Amino acid sequence: MSKHGLDTTWDTANAIEKTKKDDVCQINHEVKPYSLEVVKGAWLMGDWERLTSCPIGEMQDMENREIHALMAGAAYMQLGDVKLGRLCVSQAREWGCSKHLIAKVLTTGVYFTLGRAEFLNNQRLKSQNHVITALRSFSNDNEALIPTVDLDNISAVLGTSLLPPPLSMHGFIDWVMERDDAPILRYLFKVHQPKRHLEFGTWQGLGACLCLEETNATVWTINLHDGETKPDGSWAYGERVLNEQVPNDPVSMNFGEDDKGPIVYHRTDAGSYIGWMYRQKGYGHRVCQIYCDSRQWDASNYPPDFFDSVFVDGGHQSDVVISDTRKALSVLRTGGMIIWHDFCPDTEVATYNPVAKEVTLILQALLAEIGGMFSHLGWINPSMILMGIKK
Ligand SMILES: C[S@@+](CC[C@H](N)C(=O)[O-])C[C@H]1O[C@@H](n2cnc3c(N)ncnc32)[C@H](O)[C@@H]1O
């Protein structure tokens, strides 16, 4: 028991959720103090609202009050409230926070801000480098040593007698989600049997179908209504369509004709294309389709233990991956499964697959701090899948 008469062994994620949902006046009495690790995790995941949810006056009697004040100050600065930010930081100093730690946290904040500015300026690579520098400057290790789970051994890790699919015969250079990762995802859903599943990034609905076909789950899935646009203004997901069966009223562009026929491109992650596969297969009644930028999705209306599984497979930019991961973990129950797509630490993959490179770098940096939230965490080899079971 702590000096406050509270049990100090507690579930960090639940406590953060509780802090967020409770009336701030009750925080001091009902919520156990955060450990440094938890507050750092919230900071790295950009959870400014949570970090500023406790008024400074109520931190007086909390353990690690100097850290709370510092993190709140840094979060206020991220939210643009420099006055409150300064107030909290000077309170942190008064409560004994070291100058070194203050400098470290504020520097991290500067890199986050630079990352956002470069992103808005369409400088994606620079943006990513700033975010990675921010994550690393705050982390004890440069990278999380994310364990590898061989696909052959995954049934033991998951405690099931169900055998995994056979290893793909293809190398990473011509790895295809539909052919090479889909059987593994199917297997994970079959073993885990979620009742409520959340997916970031619907696209045409393949991932949702894998879950719908292997379980009785209801699936919540999020996608930008008008599709993703690259920094240069072009579509992130466009395909030339010839004679395929396609959804009604697609968003399309016509570029004349060539020897194959009309040059028509469809935006395959916009409008009627979003989720057409699950509708065509008759699963529409089991899906809650959410149309928004996932960074704007309000996860706070869902109870913290609402989802049994989450698939993070939306935008690949650093800030989207961080935001989706944070929201996923805030609504995933203890024992729930989180799956990230496009994660592959194989060093060669980074040379020809920029998406996997970006997602892997960000998650390695992020998981150095939040890795403690999982009872199992591992890259499934061979695949583009990282899987975790929340503690
Ligand atoms: C890789 S695809 C998803 C594939 C899908 N999960 C599947 O299994 O077939 C990524 C999707 O995320 C969407 N997306 C990108 N950025 C997003 C954002 N910020 N919010 C919501 N959706 C986003 C894209 O429009 C695209 O449809």
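Two residues are in contact here if their C-beta atoms, placed from the backbone, lie within 7 Å. Keep in mind, too, that you're looking at a predicted model.

With that in hand, go to a pair of helices, α10 (residues 177–192) and α11 (206–214). On the α10 side, the residues that make the contact are Glu178, Ala182, Leu185, Arg186, Phe189 and Lys190, and they meet Leu206, Gly207, Leu210, Cys211 and Glu214 in α11. As for geometry, the two helix axes come within 9 Å and cross at roughly 40 degrees, and the crossing of α10 and α11 is right-handed.

Helix α11 also takes you to the ligand. Both α11 and β3 (218–223) supply at least two residues each to the shell around the ligand. That shell holds 20 residues, and the ones that come nearest are Gly201, Leu206, Gly207, Asp269 and Gly315. How do the residues of the shell divide into nonpolar, polar and charged? There are six nonpolar, eight polar and six charged.

Now for some strands. Strand β8 (residues 307–312) runs parallel to β9, and the pairing spans five bridges. To find one of the partners, take Phe307 and look across to Leu332 in β9. Strand β9 (residues 332–341) is mostly covered, with seven of its ten residues buried.

Another set of strands has β10 (residues 374–381) pairing with two others. With strand β1 (residues 148–150), β10 pairs in the parallel sense over three bridges, and there Val149 stands opposite Ile380. With strand β11 (residues 385–390), β10 pairs in the antiparallel sense over six bridges, where Trp379 stands opposite Leu386. Three residues make the link in the hairpin that joins β10 to β11.

One last stop: Ile102, in helix α7 (residues 99–120). Is Ile102 buried, exposed or partly exposed? It takes 20 or more other C-beta atoms within 10 Å to be buried, and 12 or fewer to be exposed. Ile102 has 18, so Ile102 is partly exposed. Leaving aside residues up to four places away in sequence, Ile102 touches Leu70, Val89, Ala92, Arg93 and Cys97. Ala92 sits ten residues away along the chain, and its C-alpha atom is separated from that of Ile102 by 8.5 Å.

Technical notes: Residues are numbered from 1 along each chain as its sequence is written. This is a predicted model: local features need pLDDT of at least 70, side-chain atom pairs count only at pLDDT 80 or more; totals for chains, interfaces and linings use all residues. A residue is near a molecule or strand if its C-beta atom, placed from the backbone, lies within 6 Å of it. Helices (H or I, at least four residues) and strands (E, at least two) are DSSP runs, numbered from the N terminus. Ala, Val, Leu, Ile, Met, Phe, Trp, Tyr, Cys and Pro count as nonpolar, Asp, Glu, Lys and Arg as charged, and the others, Gly among them, as polar. Axes are lines fitted to C-alpha atoms, for helices over the stretch in contact, and angles run from 0 to 180 degrees between N-to-C directions. A crossing is left-handed if the near helix is turned anticlockwise from the far one by less than a right angle, and right-handed if clockwise. Two strands pair if DSSP finds at least two bridges between them.
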